[in-house]
Amino acid sequence: MRGRAHGRTQAADTAAGMACLEGYLMAEAHLREARARADAFVQRLPWLTAAEREEVAERYAEAYTDQVTQALRMVARRAAELREEYTQRYAYLRRRLLCATVATLAAGVAALGGLAAWTVTVTPR
């Protein structure tokens, strides 16, 4: 029993580690994208000095990264809202199905009981 609990903990730790690694890789990809866009932007401004280009590229990359971060946070927040909505809806439907099943079974038992009682009273002896 202890091995199973330990195995679940280890699996949860592994999943958390993988999620962390995935987040890191995604962040690095967004940073590379921001830098590439910034470099492309400053190439269209040939009158800037090297120091100015570096400054503009840095500011552009920061703005792009902030914009992507804000968009991802909005998506994550909406995903959490939807998850909550769907969880509530699923629980409601499960309760409704359970009630319908119990009602159907009760009606079936009552019908069988009534049929049995009717058969006993109608059957000649």
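Colleague: Tyr60 first: buried, exposed or partly exposed?
Modeller: Tyr60 is partly exposed, at a relative accessible area of 28%. Keep in mind that this is a predicted model.

Colleague: Why does that not count as buried?
Modeller: Because buried means under 20% relative accessible area, and Tyr60 has 28%.

Colleague: How many aromatic pairs does the structure hold?
Modeller: One aromatic pair. It is formed by Phe41 and Tyr60, whose rings are stacked, with 4.9 Å centre to centre and 20° between the planes.

Colleague: Which parts of the chain does the pair link?
Modeller: Distant ones: Phe41 sits in helix α1 (residues 2–43) and Tyr60 in helix α2 (residues 50–122), with the two 19 residues apart.

Colleague: And how accessible is Phe41?
Modeller: Phe41 has 27% relative accessibility and counts as partly exposed.

Colleague: Changing topic. What is the secondary structure of the protein?
Modeller: Two helices and zero strands.

Colleague: What radius of gyration does the protein have?
Modeller: 32 Å, whereas a compact globule of 125 residues would have one near 14 Å. Along the principal axes, the C-alpha atoms fill a box of roughly 115 × 40 × 15 Å.

Colleague: What share of the residues is buried?
Modeller: Buried residues are 7% of the 125. The accessible surface is about 10700 Å², and carbon and sulfur atoms account for 63% of that.

Colleague: Last one, charges. How many positive and negative side chains?
Modeller: There are 18 positive and 14 negative side chains. The centres of these two sets are 19 Å apart.

Terms used: Residues are numbered from 1 along each chain as its sequence is written. This is a predicted model: local features need pLDDT of at least 70, side-chain atom pairs count only at pLDDT 80 or more; totals for chains, interfaces and linings use all residues. Side-chain values use heavy atoms; hydrogens and water are left out. Rings of Phe, Tyr and Trp (its six-membered ring) pair if their centres lie within 6.5 Å; planes under 30 degrees apart count as stacked, over 60 as edge-to-face and the rest as tilted. Helices (H or I, at least four residues) and strands (E, at least two) are DSSP runs, numbered from the N terminus. Buried means under 20% relative accessible area, exposed over 50%, partly exposed in between (1.4 Å probe, protein chains only). The radius of gyration is taken over C-alpha atoms; the globule rule is 2.2 Å times the number of residues to the power 0.38. Accessible areas come from the Shrake-Rupley method with a 1.4 Å probe; for residues, only the protein chains shown count as cover. Lys and Arg count as positive and Asp and Glu as negative; His and the chain ends are not counted. The place of a charge is taken as NZ of Lys, CZ of Arg, CG of Asp or CD of Glu.
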